[in-house]
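The sequence and structure are shown first.

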Amino acid sequence: EIGTEEIPHWMIPSALSQLQKLDLFGATVRVDATPRRLVVRASNVPERTEDREQVVKGPPITSGDKAAEGFAKKQGADPSALRKAGNYYELVKKIPGQSTVDLLSKSLPEAILGLQWPKTMYWTGGKTGPRFIRPIRWIVALLDNQIISFEIAGVKSGNVTRGHRTFGSASIPVTF
């Protein structure tokens, strides 16, 4: 949940369609909004990404053994791990899966600030600070009951939302 000052109603549908396209590791995504909040809910988010293999193309075979050894060293592999594919050496690297919480901590700030708006504003840091449609006042970011920790312009993510500005509670804990 991204809590902001009032967003003009005619700008919300575009934001929701952009949020619907977020890559959340194959999860089913639902979006919702009010003038003061944009919400993304995802179900079936994996705890970790799967291990995978990556094929890295190396030097041409005609470059010789020294080039192959240098390529293997640069990739952190033993030269015996290289295989020949066509006229080139190649290496199959095993890439272990990562924690989804860690990946989201890195990607969500960029995804939030990457939303396209007809007009944006600075609210901290002058002309060098981040831009968004309206000042962000709070961020709720959870995977199950675990907080996905990150910060945008001094606003830290957490598990506390806000109620109605006049009639609601100033802070409401959110749980899974």
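## Sheet architecture

In this predicted model, 6 strands form an open sheet with mixed pairing, in the order S2-S3-S1-S9-S13-S12. Two strands are taken to pair if DSSP finds at least two bridges between them; helices (H or I, at least four residues) and strands (E, at least two) are DSSP runs, numbered from the N terminus. S2 and strand S12 (151–152) stand at the edges, each with a single partner strand, so one side of each has no neighbour in the sheet. Strands of a sheet pair through backbone hydrogen bonds, either parallel or antiparallel.

Residues are numbered from 1 along each chain as its sequence is written. Because the model is predicted, local features need pLDDT of at least 70 and side-chain atom pairs count only at pLDDT 80 or more, while totals for chains, interfaces and linings use all residues; side-chain values use heavy atoms, with hydrogens and water left out.

## Strand pairs

Strand S2 (residues 28–34) runs antiparallel to S3, to which 7 bridges join it. A hairpin of 2 residues connects S2 to S3, and Thr34 stands opposite Arg37 in S3. Strand S1 (residues 2–4) is also antiparallel to strand S3 (residues 37–43), with 2 bridges between them; Ile2 has Leu38 as its bridge partner in S3.

By contrast, S9 and strand S13 (residues 155–158) pair in the parallel sense over 2 bridges. Ile139 has Ser157 in S13 as its bridge partner.

## Nonpolar cores

A nonpolar core is a set of buried Ala, Val, Leu, Ile, Met, Phe, Trp, Tyr and Cys residues joined through side-chain atoms within 4.5 Å. Buried means under 20% relative accessible area, exposed over 50%, and partly exposed in between (1.4 Å probe, protein chains only). The largest core has 28 residues, of which Leu38, Trp117, Phe132, Ile136 and Phe150 touch the most other members. Helix H1 (12–20), helix H3 (100–113) and strand S9 (136–140) each give two or more residues to this core. Apart from it lies another core, of 7 residues, including Ala68, Phe71, Ala72 and Tyr89.

Contact means heavy atoms within 4.5 Å.

## Largest pocketThe largest pocket holds about 930 Å³ of space. On a 1 Å grid over the protein atoms alone, a pocket is an open set of points where a 1.4 Å probe fits, with protein on both sides within 12 Å along at least five of seven lines; lining residues have an atom within 4 Å of a point. Grid points are joined across faces, edges and corners, and the volume is the space filled by probe spheres set on the points.

Of the 36 lining residues, Glu1, Val40, Arg41, Ala42 and Leu142 lie nearest the centre of the pocket. S2, S3, H3, S9 and strand S10 (142–143) each give two or more residues to the lining, and S3 gives the most, with 7 residues. By class, the lining has 23 nonpolar, 6 polar and 7 charged residues. Here Ala, Val, Leu, Ile, Met, Phe, Trp, Tyr, Cys and Pro count as nonpolar, Asp, Glu, Lys and Arg as charged, and the others, Gly among them, as polar.

## Selected residues

Thr100 lies in helix H3 and is buried, with a relative accessible area of 0%. Leaving aside neighbours within four places in sequence, Thr100 is in contact with Phe25, Val45, Pro46, Glu47, Arg48, Thr49 and Leu143.

Gly64 is found in the loop between strand S4 (52–60) and helix H2 (65–74) and counts as partly exposed, at 23% relative accessibility. Gly64 and Ile148 are 84 residues apart in sequence and 48 Å apart in space, C-alpha to C-alpha.
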